[in-house]
Amino acid sequence: LAHDELLPPRFVNLQFGTLCSGIAMALIALFVPFTFLDDFVSAGVLLAFCITNNAVVIFRASSHIRNPSSCDERRLFERELASFNAAAFGGAFFLCYSYFYTSILPIFVVVVLAIRLGKKMTKAQSGDGFEAPTGLPFVAIFINAVLIFQLEPLGLGILFCFVSLCALLYFWSSGSQGADAEVKHRWSEGVRAS
């Protein structure tokens with residue numbers, strides 16, 4: 001990540017990066033009780049599944065969002081996907097922590113946005129004839145969100161702090177280095193090639 005300027009250049013040194021991540025993991029293991037640590041790890045895995053499902057949606061909608069003439073469509077797609085995730089996590093929160101009736105509106109928004117985004121997705125086909133159902137990533141994101149909110153609140157708080165810290169580190173490093181167009185071009189070419 002440091003080679004692609006997504007982390008500060010200091011992390012290019014493998015020994016420094018290993019030392020920093022080892023210290024961070026040791027501090028987490030030292031100060032967080034295991035009953036919350038297992039929820040933190042479970043929530044992290046479920047969050048990774050949500051990120052993967054979002055990547056599937058983006059990849060399958062790539063014909064709509066990569067077309068240079070459809071910049072407005074790309075922005076609309078990004079907003080709809082962000083709104084879908086917010087509604088999915090909001091609906092999951094209300095479903096787990098309040099009455100069912102308060103979760104009806106967010107779940108309705110999730111369904112409407114999933115249908116809209118599903119229409120923009122192209123059918124992914126591989127050489128062996130396998131096709132994934134269009135709605136499957138959306139269902140998986142919502143189920144993962146529900147499973148995340150089934151965990152202990154302290155584990156969720158630790159996950160929130162960890163994700164916020166990672167986001168701050170990312171924005172700090174990209175802001176301090178001014179992520180250049182060459183790195184973004186290499187990333188976009190790598191995505192197109194895959």
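Biologist: Where is the place of Glu152?

Modeller: Glu152 sits in the loop between H6 and helix H7 (153-177). Helices here are DSSP runs of H or I with at least four residues, strands are runs of E with at least two, and both are numbered from the N terminus. Before we go on: this is a predicted model, where local features need pLDDT of at least 70 and side-chain atom pairs count only at pLDDT 80 or more, while totals for chains, interfaces and linings use all residues. Residues are numbered from 1 along each chain as its sequence is written, and side-chain values use heavy atoms, with hydrogens and water left out.

Biologist: Is Glu152 buried or exposed, or partly exposed?

Modeller: We go by relative accessible area: under 20% is buried, over 50% is exposed and anything in between is partly exposed (1.4 Å probe, protein chains only). Glu152 has 41%, so it is partly exposed.

Biologist: Which residues does Glu152 touch?

Modeller: Contact means heavy atoms within 4.5 Å. Setting aside residues up to four places away in sequence, Glu152 touches Phe36 and Asp39.

Biologist: What about Thr134, where does it lie?

Modeller: Thr134 is in the loop between H5 and H6. With 27% relative accessibility, Thr134 counts as partly exposed. Its C-alpha atom is 9.3 Å from that of Leu117, 17 residues apart along the chain.

Biologist: Let's zoom out. How many helices and strands are there in the protein?

Modeller: Eight helices and zero strands. Read along the sequence, the pattern is α-α-α-α-α-α-α-α. Of the 194 residues in the protein, 28% are buried. And among contacts between residues at least 6 apart in sequence, 73% join residues at least 24 apart.

Biologist: How do I read a pair of helices? At what angle do H2 and H4 cross?

Modeller: Start with the axes, which are lines fitted to C-alpha atoms, for helices over the stretch in contact; angles run from 0 to 180 degrees between N-to-C directions. For helix H2 (residues 34-60) and helix H4 (residues 71-97), the axes come within 12 Å and cross at roughly 150°. Under 35 degrees counts as roughly parallel, over 145 as roughly antiparallel, 65 to 115 as roughly perpendicular and the rest as oblique. H2 and H4 are therefore roughly antiparallel to each other.

Biologist: Is that crossing left-handed or right-handed, and which residues make the contact?

Modeller: A crossing is left-handed if the near helix is turned anticlockwise from the far one by less than a right angle, and right-handed if clockwise. H2 passes H4 in a right-handed crossing. H2 brings Leu47, Cys50, Asn54, Val57 and Ile58 to the contact, and H4 brings Phe77, Leu81, Asn85 and Phe89. They split into seven nonpolar, two polar and no charged. For that count, Ala, Val, Leu, Ile, Met, Phe, Trp, Tyr, Cys and Pro are nonpolar, Asp, Glu, Lys and Arg are charged, and the others, Gly among them, are polar.

Biologist: And how do H4 and H5 cross?

Modeller: The axes of H4 and helix H5 (residues 104-120) come within 8 Å and cross at roughly 150°. That makes H4 roughly antiparallel to H5. H4 passes H5 in a left-handed crossing. Among the residues in contact are Leu76, Phe84 and Phe94 of H4, and Ile107, Leu113 and Arg116 of H5. The contact residues divide into 14 nonpolar, three polar and three charged.

Biologist: How many aromatic pairs does a search of the whole structure find?

Modeller: Six. Rings of Phe, Tyr and Trp (its six-membered ring) pair if their centres lie within 6.5 Å; planes under 30 degrees apart are stacked, over 60 edge-to-face and the rest tilted. The rings of Phe84 and Phe138 have centres 5.1 Å apart and planes at 80°, so this pair is edge-to-face. Phe84 is in helix H4 and Phe138 in helix H6 (residues 136-149), 54 residues apart. Phe84 is buried at 0% relative accessible area, and Phe138 is buried at 4%. The rings of Phe89 and Phe149 have centres 6.2 Å apart and planes at 75°, so that pair is edge-to-face.

Biologist: Which residues do ring pairs link into a cluster?

Modeller: Phe89, Phe93, Phe94, Tyr97 and Phe149.
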